Amino acid sequence: MKWMKFRIKTTTEAEDMIISSLYDIGLEGAQIEDNTPLTSLEKEQMFVDILPDGPADDGIAYLNFFAEKKEDGTLEVQGESTDAETVLRKIKRELEELRQFVDVGEGAVSVDETEDIDWINNWKQYFHQFYIDDILVIPSWEEVKEEDGDKMVLHIDPGTAFGTGMHETTQLCIRQLRRYVTKGAQMLDVGTGSGILAILSLMFGAEHAVGTDLDPCAEEAAEQNCHANGIDPGRFDRIIGNLITDEAVQDAVGYEKYDIVAANILADVLIPLTPVVLQRLKRGGIYITSGIIDDKEGAVLETVKTAGFEVREINRQGEWVCITARRP
């Protein structure tokens, strides 16, 4: 399948209005490219391994819209046949009308033909098997080599949820889980993503795990990874929602029932999360935090202590920090 891509150079200020206007003419699913800093809410919702630094915001945005190209050269928009010139003309007309209300900037529009891309699976070319100490992490589309047959093997396919184990923050968590997970333990994984930390905890001997995440994609990704590793999905419950602010999620997760809680999130999320975690842990339970860039260590450490935890270990890998603490 081929597509025509209509690429608009505009301003970040005009993004939403352009997307709304072009939706009305049948162009949906805008792909946005800009350097706008993330809002506090967006940061809170990103349960990710790393938040990369990007270039400074220059106010410029590129919006890409796609229309399917048929074998006869026509385009299909809103189920109707049209052509690139007609779509281009409509886009330019909408941009000119919007100039009365918002600064659309240059407003230049380029048109290119592109081959069909499997957006969901295209990233797989960059993810191959690797080791975390003596644990072999291998994607579902690769096979275990004969010489690795005696190793602990984690089959992982993040799908559209975050978490492959490649980043330092995840590896710091995994090492601490291996140290502190005991046979029969109850485990909570906040920001579970692909489920990698919860699944490994079950492989290390935990009896049951619960994972929370804001991203609904985590539900399917974690279930598929359970099956890939021979883990009964009934041993790993997933709850979609915000553990920090949603009382229904807090009640579903439970109170003072976990032997170990892992949270591989951003430092800005760990700060409000930590007092909530304290209420989830049993007395003597272990709290493993990661995702902490080194210049945020002090703030998270202070939060952990203020919440009432006893700090057991501080581990580092690269510029990332993992704090392990205990509820007295």
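Strand β13 is largely enclosed by the rest of the structure, because six of its seven residues are buried. Here buried means under 20% relative accessible area, exposed over 50%, and partly exposed in between, with a 1.4 Å probe and protein chains only. Helices (H or I, at least four residues) and strands (E, at least two) are DSSP runs, numbered from the N terminus. The model is a predicted one, in which local features need pLDDT of at least 70 and side-chain atom pairs count only at pLDDT 80 or more, while totals for chains, interfaces and linings use all residues. Residues are numbered from 1 along each chain as its sequence is written, and side-chain values use heavy atoms, with hydrogens and water left out.

Back to β13 and its partners. Two strands are taken to pair if DSSP finds at least two bridges between them. β13 runs parallel to β10, with four bridges joining the two, and L188 stands opposite V261 of β13. β13 also runs parallel to β14, this time through six bridges, and I260 has I286 as its bridge partner in β14. E256 has a positive phi of about 45° although it is not a glycine. As a rule, most residues other than glycine have a negative phi. With a relative accessible area of 46%, E256 is partly exposed.

Strand β10 spans residues 186-190 and includes Q186. Q186 is buried, at a relative accessible area of 17%. Leaving aside residues up to four places away in sequence, Q186 touches E207, H208, K257, Y258, D259 and I260, where contact means heavy atoms within 4.5 Å. M187, counted in the same way, touches L177, L197, A198, S201, H208, A209, V210, Y258, I260 and A262.

M187 is also one of the residues with the most contacts inside the largest nonpolar core, along with L154, I174, L177, L197, F236 and I260; this core has 33 residues. Helix α5 gives the most to it, with seven residues. A second, separate core of 31 residues includes L243, V249, L266 and V321. A nonpolar core is a set of buried Ala, Val, Leu, Ile, Met, Phe, Trp, Tyr and Cys residues joined through side-chain atoms within 4.5 Å. In soluble globular proteins, nonpolar side chains tend to be buried together.

Elsewhere, three strands make an open sheet in the order β7-β8-β9, with mixed pairing. β7 (130-132) and β9 (152-156) stand at the edges with a single partner strand each, so one side of each is left without a neighbour in the sheet. From one strand to the next, the twist averages 30°; axes are lines fitted to C-alpha atoms, for helices over the stretch in contact, and angles run from 0 to 180 degrees between N-to-C directions. β8 (residues 135-139) pairs with β9 in the parallel sense over five bridges, and I135 has M152 as its bridge partner in β9. Helix α4 (residues 168-180) packs on this sheet and touches β7 and β8, its direction making about 50° with that of β7. Helix α5 (residues 196-204) lies across β8 and β9, running at about 150° to β9. The loop between β7 and β8 holds D133, which has a positive phi of about 60° although it is not a glycine.

G308 follows α9 and has a positive phi, near 110°.

As for the cysteines, the structure holds zero disulfides, a disulfide being a pair of cysteine sulfur atoms within 2.5 Å. The cysteine sulfur closest to that of C173 belongs to C322, and at 5.0 Å it is too far for a bond. C173 counts as buried, at 0% relative accessibility. C226 counts as buried too, at 0% relative accessibility.
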